[in-house]
Amino acid sequence: MTMCSSLASYLNRELNEAQDAAFMAHLADCPGCAREVARWQALEAGLKEAVDRVEAPLRNVDELAAARMAALWRQERNAEPRRRSGRWRAVAVAAVLLALLGLGLWRFVVAGGSSGTLWQAPSTGPLTLALRGDRIGLSSSGEVEVLEEGPTTRLRLHRGTIACAVQKRQRGDAFVVEAAGWAVTVVGTRFSVRAVGPLSIEVTVAQGAVRVAGEGWSAVVRAGQTLRGKGEGWHIVAAPPPLVEGIAALLGDRPSVSDRRLESAPAASVGAVPVDLPSASAETGASASVPGRKVPAVLTVPGLRDMDIWRDWIVSGKTAEACAALDRHTGAHPMDVDAWMLLGDCRRKLRDFTASADAYRRVVSAGTPELAGRAAYRAGTIEQDQLKNHAEAVRMFERYLQSGHPASLAAEATMRMAIALMELGRTDEAKVRLMELVRRHEGTGSAARARRMLEELK
Amino acid sequence: MAGHPGERSDRDIMAALAAGDSAALGALYLRYAGLVRCAIARCAPEMSIGEVDEQVQEVFLTAARRSRDYVESDRLRAWLYGIGARTARSWRRNTWLRRRLLKGREGEPVGMAAAVSSSPEQQVGRREEILQLLARLPAVQREVLLLHAVDGWSGEEIAQMLGITHEAVRTRLFRARQAMMAAADAGLPASFGRE
């Protein structure tokens, strides 16, 4: 390869310091390249000046426009809920299930005068709110907004699951929970609401009754029943015991729920199976909508709740159980990169390094740039430190550096890559990486170490 | 990004926005509306100033709605630029029929579109000449060239912002440079740089 072939890379500013210096030395001896560089640099300077001058007025932003922007956003957040489109919105799809976990950690907050307040539960456990005699249990990492508080109370569930113990109200007053475009209205009862997906909801009643309303229809759900609704269809089944017990747990009435119940709970709502709507049934007391119309059962997001539970198992030392659950889950959902990432962490804790690296590699190939970057870095460290597979370590660190995510690990990754290259006898490439480390991370400990290594390699 | 002591960092602003602080959106707007305006004007040079402002608003509302998606390690500038560019391209797709029908009767264009002389035969200065060269590039090449040569983004950053490969960025840059230099040498042909 001749130096002339580096012209494009030079103009793209892709050369490292050493390559840059070498190419500039080449310019002194190559009139052709020198002419091209001069032509482009003149044009580029003119381009920059012309565009900057033209775009300068566009860059003027005044405080008034900024204030209008803030007001627009406030308006949108306070607007009445409207039916969401069918598009999948990961942020709106939260929750999962009830009952957090047998950690026995919960917080109790008296939320007086909290209209317009957003409440967020910590990731370590549920949060319980008291609203004028009503009690709300919010699952860990959940978010609920109190829109109105008083004889009529309105909540909007943004993420997670809430369980509610609601005081009986006078005629005309109501307790309303909005979630995923649905409204759950109660008059004195204990129930839970879970927003499962876009336009999908699951409501379980432990005591009393609630009315669940969609567009143009409504249904009454009584104690011991669970309504599952998606789009315009819904059906009512006998409430699975874990869901009913979970209401008490989330409200703080019962500090722990056994793992067995938790493990069985998600299975009750996994998968999509076409079911016929039940006709009026003595067992459920439900009134069906359109007889004979098939409605898919609710799709549980193999999502937030399961992941929360598995993470908590790992934290509380039940790594093997979490691993087994994740193994089953990734078998059924091979594209769930978050689960693969967690499985990689699990396997690593269990010191099954080969399987851990394999799990991370799944994320590298299918994850978002950010997740793939993290996974590549973790796989690289395992390959290097535990498996002594330096060639694979180089490949993983290269992959991480290409992703640029997270940027905080770049210096360490470059250093590890250089070390792996030296193990493989690829000293020249190692030197290039070390010089790059010194250039890009000047002033860091890694850069100082790189300088010393470069000295030793001379 | 905090330019002065006491100025909120990008991270703090995004965290506040994700927590529901609407004033944080005002701060974000003040900091990056200029960047987003330029992004939109570049990607959709046919837009009038009114339309640009509308689309800018939409970009920031989108950023607010997606504030929880924002990952701290992402460069906020690149993230917002990406949203702006996609918003502008979406506008172009959705309005192509209207623009064809109303050609010549739209509002005043902004940015580089406004600066480019409508008549190539007119005596133009160096600046206008360069802008005309630029206007004749295919949009995908022009976008990459501006991000690299004017804004100083690296090839890797541009690839991430636009959701394309680094190799695609290199190819577009190479073709854009070649086209600009060839046209600058030869005067102003009717069209050049077509892929």
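Author: A polar contact is a pair of N or O atoms within 3.5 Å, where within protein one atom must be able to donate a hydrogen and the other to accept it, and residues adjacent in sequence count only if both atoms are side-chain atoms. By that rule, nine residue pairs, both residues at pLDDT 80 or more, are in polar contact across the interface of chain B and chain A. This is a predicted model, in which local features need pLDDT of at least 70, side-chain atom pairs count only at pLDDT 80 or more, and totals for chains, interfaces and linings use all residues. Side-chain values use heavy atoms, with hydrogens and water left out.

Reader: What makes Glu143(A) and Arg68(B) a salt bridge?

Author: The term requires a side-chain nitrogen of Lys or Arg within 4 Å of a carboxyl oxygen of Asp or Glu; the closest N and O atoms of Glu143(A) and Arg68(B) are 2.7 Å apart, so the pair qualifies. Between chain B and chain A the count is two salt bridges, and over all chains the structure holds 24.

Reader: Why is the pair Glu36(A) and Arg39(A) called a salt bridge?

Author: Their closest N and O atoms are 2.9 Å apart, and therefore they meet the rule as well. Both residues lie in helix 3 (residues 31-55) of chain A, three residues apart, which is about one turn of the helix.

Reader: How many residues does each chain bring to the contact, and how much area do the two chains bury?

Author: With contact meaning heavy atoms within 4.5 Å, chain B gives 57 residues and chain A gives 48. Buried area is the accessible area (1.4 Å probe) that two parts lose on being put together, summed over both, and for chain B and chain A this comes to about 4,500 Å², 63% of it on carbon and sulfur atoms.

Reader: How do helix 14 and helix 15 of chain A pack?

Author: Helix 14 (residues 427-440) and helix 15 (residues 445-457) of chain A pack at an angle of about 145° with their axes 8 Å apart, the axes being lines fitted to C-alpha atoms over the stretch in contact and the angle running from 0 to 180 degrees between N-to-C directions.

Notes
Residues are numbered from 1 along each chain as its sequence is written. Chains are lettered from A and ligands numbered from 1 in the order in which they are written. Helices (H or I, at least four residues) and strands (E, at least two) are DSSP runs, numbered from the N terminus.
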